[in-house]
Every structure is written in structure tokens, then in C-alpha cells.
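Subject: Structure handover

Hi,

Here is the structure for you to look over. My notes follow below it.

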Amino acid sequence: MGETENKHTNIAVLIERLSRIMRASEHEAGLNPVQWQALRYLERCNQFSNSPTALRLYLVTTKGTVSQTVKTLEQKGLLTKQPRPGQGRSVMLFLTKKAKDLLRVDPWYRLAKQAHDLDNATGEALSAGLSELLKAEISSGDLKTFGVCNTCQYFNNKPPEDFTTDEKHWCGLLKTGLNTDESRRICAEHENARQA
Ligand code: SF4
């Protein structure tokens with residue numbers, strides 16, 4: 001194996017090893033990795049993406065796994081379900097205060113703080129490199145991007161003049177206003193912005 005190939009294999013090994021260590025520490029709080037991922041997803045997603053279907057697509061898992069995960073999180077007092085207005089049997093999932101408190105002791109939150117302490121150049125290079133790898137995997141698996149709203153091709157910084165909304169931004173797909181908080185959340189309908 002050449003030197004370049006060795007370096008690149010090492011990146012995959014580091015990601016695998018780091019993920020394994022993080023996954024092992026997740027069990028200490030009495031939740032399994034999928035349950036933690038569901039809580040993190042619901043903390044970051046927007047109001048259009050807090051459904052069991054979007055959660056399944058984000059987790060790249062089965063309907064049965066999501067349904068069991070939601071049921072267990074409800075039983076643990078970490079999730080509540082509410083009907084989605086005007087959409088038949090569709091439901092919205094919400095984190096409880098207990099879940100939000102638990103997320104403050106999430107092992108990955110600790111890792112995020114460590115990443116924040118990296119020097120700027122290292123942090124930016126790491127973020128850019130991991131984003132590229134994730135993008136490639138999403139593309140080869142034909143998966144949904146679940147990117148941040150303000151990077152979506154449908155995101156408009158200002159609402160069109162012929163629509164009335166109190167919000168600062170606009171979604172051209174769902175034809176609705178978006179506030180600043182929504183613009184920073186991840187979305188099941190996200191499409192990467194087209195290259196100019
Ligand atoms: S602009 Fe894109 S990411 Fe934002 S709400 Fe609309 S579809 Fe979702």
C-alpha cells in the first residue's frame with residue numbers, strides 16, 4: 001500500500017474507531033445508539049421534518065425500527081406525539097424537557113465541544129473533509145441530504161413581494177415564510193443549492 005493510500009485508509013480507521021468509542025459511551029445513559037440519534041435528529045430538524053417517515057429516512061433504517069424507537073422513547077418520557085393539523089393520520093414528534101436535558105449530557109455533545117476547541121484551520125479542514133465524504137456516501141446511496149435549510153436550493157433570503165408573511169426568509173418549495181431559527185435547521189426536503 002502506497003503512502004497516500006495509507007493516509008486515506010487511516011482516515012476511515014479513525015472515523016470507525018472514534019464512532020465505536022462514542023457509541024460505547026452512549027449506552028451509559030440507558031439509551032441505544034438509534035434512540036440517541038432520534039433525539040438528536042428531533043433537536044435539529046425543522047417543523048416540516050419531525051415525522052416518523054422523515055426520521056426513518058434520516059436514520060436510513062426500517063419502518064419497524066423507527067416505530068419501536070418512537071414507542072420506547074415515548075415510554076421513557078422523552079418524546080410526545082401530536083397529530084399534524086390537516087394531514088390525516090400524520091403525526092409530529094416533539095422532544096420533552098427531559099429529553100432536552102438529557103441531550104446536554106450526550107457524549108456527542110462533549111465531542112462537539114472538543115471539536116469547537118480545535119484551532120480554526122484544523123476545525124475548518126476537518127469539517128470540509130468530512131462533509132465531502134458524507135456528500136459522496138449520500139450520493140452513492142441515493143439518500144436524502146438532510147442539509148441545513150439556508151444551504152437549500154429552495155431557500156430565499158427574502159420572501160417574494162407578492163406573498164405576505166411576517167417571517168424574514170422564504171421556502172420556494174413549500175411556499176412559506178421561515179424565521180431565522182428555521183433557516184438553521186435540517187430539513188427532509190432539502191436539496192443542495194445548484195452550482196452557478
Ligand atoms: S428551503 Fe429547502 S430546506 Fe428550507 S424548508 Fe424549504 S425545502 Fe426545506
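C171 stands opposite T176 of β5. This is a predicted model, so please read everything here as computed. The strand to look at is β4, residues 169–171. Three bridges join β4 to β5, and the two run antiparallel.

Step back to the whole sheet. The sheet is open and has three strands, in the order β3-β4-β5, with antiparallel pairing. Why is one side of β3 and of β5 left without a neighbour in the sheet? β3 (155–156) and β5 (176–178) stand at the edges, and each has a single partner strand, so one side of each has no neighbour there.

Next, the helices. α3 covers residues 52–59 and α4 covers residues 63–75. Their axes come within 9 Å and cross at roughly 115°. The crossing of α3 past α4 is right-handed. From α3, the residues in the contact are P52, L55, R56 and L59. They meet K63, V66, S67 and V70 of α4. By class, the residues of this contact divide into five nonpolar, one polar and two charged.

Last, the domains. The domain assignment of the protein chain gives domain 1 as 3–117 and domain 2 as 148–196. Their C-alpha centres lie 24 Å apart. How many residues does the contact take from each domain? Eight come from domain 1 and eight from domain 2. On the domain 1 side, four of the residues touching domain 2 are nonpolar, three are polar and one is charged.

Best wishes

Terms used
Residues are numbered from 1 along each chain as its sequence is written. This is a predicted model: local features need pLDDT of at least 70, side-chain atom pairs count only at pLDDT 80 or more; totals for chains, interfaces and linings use all residues. Two strands pair if DSSP finds at least two bridges between them. Helices (H or I, at least four residues) and strands (E, at least two) are DSSP runs, numbered from the N terminus. Domain bounds come from an automatic or database domain assignment. Two residues are in contact if their C-beta atoms, placed from the backbone, lie within 7 Å. Ala, Val, Leu, Ile, Met, Phe, Trp, Tyr, Cys and Pro count as nonpolar, Asp, Glu, Lys and Arg as charged, and the others, Gly among them, as polar. Axes are lines fitted to C-alpha atoms, for helices over the stretch in contact, and angles run from 0 to 180 degrees between N-to-C directions. A crossing is left-handed if the near helix is turned anticlockwise from the far one by less than a right angle, and right-handed if clockwise.
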